[in-house]
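Hello,

Here is the structure I promised to pass on to you. Please open it alongside this message, and read on for what turned up in it.

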Amino acid sequence: MTLRVDVVANRRSHSWSLPEKLGRVAWRFCHPLFRFSPRIFWGWRVWLLRCFGARIGRGVHIYPSVRITIPWHLSIGDQVAIGDHAILYALGRITIAERATISQYAHLCAGSHDWRDPARPLQRLPIHVGADAWICADSFVGPGVRIGEGAVVGARAVAMRDVPDRHIAVGNPAKMRVQT
């Protein structure tokens, strides 16, 4: 049996409230102030994100090339680093605990669609990155995934399932091993 996608129902659905839509438009207009700020203006970018409702701790370094979809869905702990060209696709809540590192080109995707429903409604599934975790270069963390404390998602790994505390996930799909 083949599932027929109901494109009309999908386009009629309202995934976003009016305040959310207005907030996203405002963020788009202000985004150049974030994107084109000098690299060392860590505090400026944190302040700008806080103006849009992000909860961000002290000593956070977010590079100007980071792409953030919805700042008010972000919660970032103290001393977190988010590297060049990382993508925080925050349709759902993204929580990054203290001292975690999100390396360059990493992609945290907190949204998807329910493929079982012909209308393919939007799902906003949260991501949690634990304290002292490391999401390595060019890796992908999928919707609804929890990365444990001290865990590592290796370079180019695809984590579509939870990674337990102090485990390393490598490959596509990611396979787990305990840190030694």
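A definition to start with: two strands pair if DSSP finds at least two bridges between them. Helices (H or I, at least four residues) and strands (E, at least two) are DSSP runs, numbered from the N terminus. The model is a predicted one, in which local features need pLDDT of at least 70 and side-chain atom pairs count only at pLDDT 80 or more, while totals for chains, interfaces and linings use all residues. Residues are numbered from 1 along each chain as its sequence is written, and side-chain values use heavy atoms, with hydrogens and water left out.

The sheet

Strand β12, residues 127-129, pairs with β15 in the parallel sense over two bridges. Val 129 has Ile 147 of β15 as its bridge partner. Both strands belong to an open sheet of five strands, paired in parallel and ordered β1-β4-β7-β12-β15. At its edges are β1 (55-56) and β15 (146-147), each of which pairs on one side only.

The core

Val 129 and Ile 147 turn up again in the largest nonpolar core, which has 42 residues; together with Ile 82, Ile 96 and Leu 108, they touch the most other members. Such a core is a set of buried Ala, Val, Leu, Ile, Met, Phe, Trp, Tyr and Cys residues joined through side-chain atoms within 4.5 Å. Buried means under 20% relative accessible area, exposed over 50%, and partly exposed in between (1.4 Å probe, protein chains only). At least two core residues come from each of α2 (18-35), α3 (42-51), β4 (74-76), β7 (94-96) and β12. Helix α3 gives the largest share, four residues.

What does Ile 82 contact, leaving aside its neighbours within four places in sequence? With contact meaning heavy atoms within 4.5 Å, the list is His 61, Ile 62, Tyr 63, Val 66, Ile 76, Leu 88, Ile 96 and Ile 102.

A loop residue worth a look

Gly 53 sits in the loop between α3 and β1. Its relative accessibility is 34%, so Gly 53 counts as partly exposed. Beyond its neighbours within four places in sequence, Gly 53 is in contact with Pro 71 and Trp 72. The C-alpha atoms of Gly 53 and His 73 are 7.7 Å apart, although 20 residues separate the two along the chain.

Salt bridges

How many salt bridges does a search of the whole structure find? There are six, each being a side-chain nitrogen of Lys or Arg within 4 Å of a carboxyl oxygen of Asp or Glu. One of them joins the side chains of Asp 78 and Arg 58 (3.7 Å, N to O). This pair links distant parts of the chain, 20 residues apart: Asp 78 is in the loop between β4 and β5 (81-82), and Arg 58 in the loop between β1 and β2 (61-62). Asp 78 is partly exposed because its relative accessible area is 29%, whereas Arg 58 is exposed at 64% relative accessibility.

Another joins Arg 99 and Asp 132, whose closest N and O atoms are 2.7 Å apart. Arg 99 lies in the loop between β7 and β8 (101-102) and Asp 132 in the loop between β12 and β13 (134-135), so the pair ties together parts 33 residues apart in sequence.

Arg 116 and Asp 114 also meet through their side chains in a salt bridge (3.4 Å, N to O). Here Arg 116 is exposed at 54% relative accessibility, while Asp 114 is buried at 16% relative accessible area.

Best wishes
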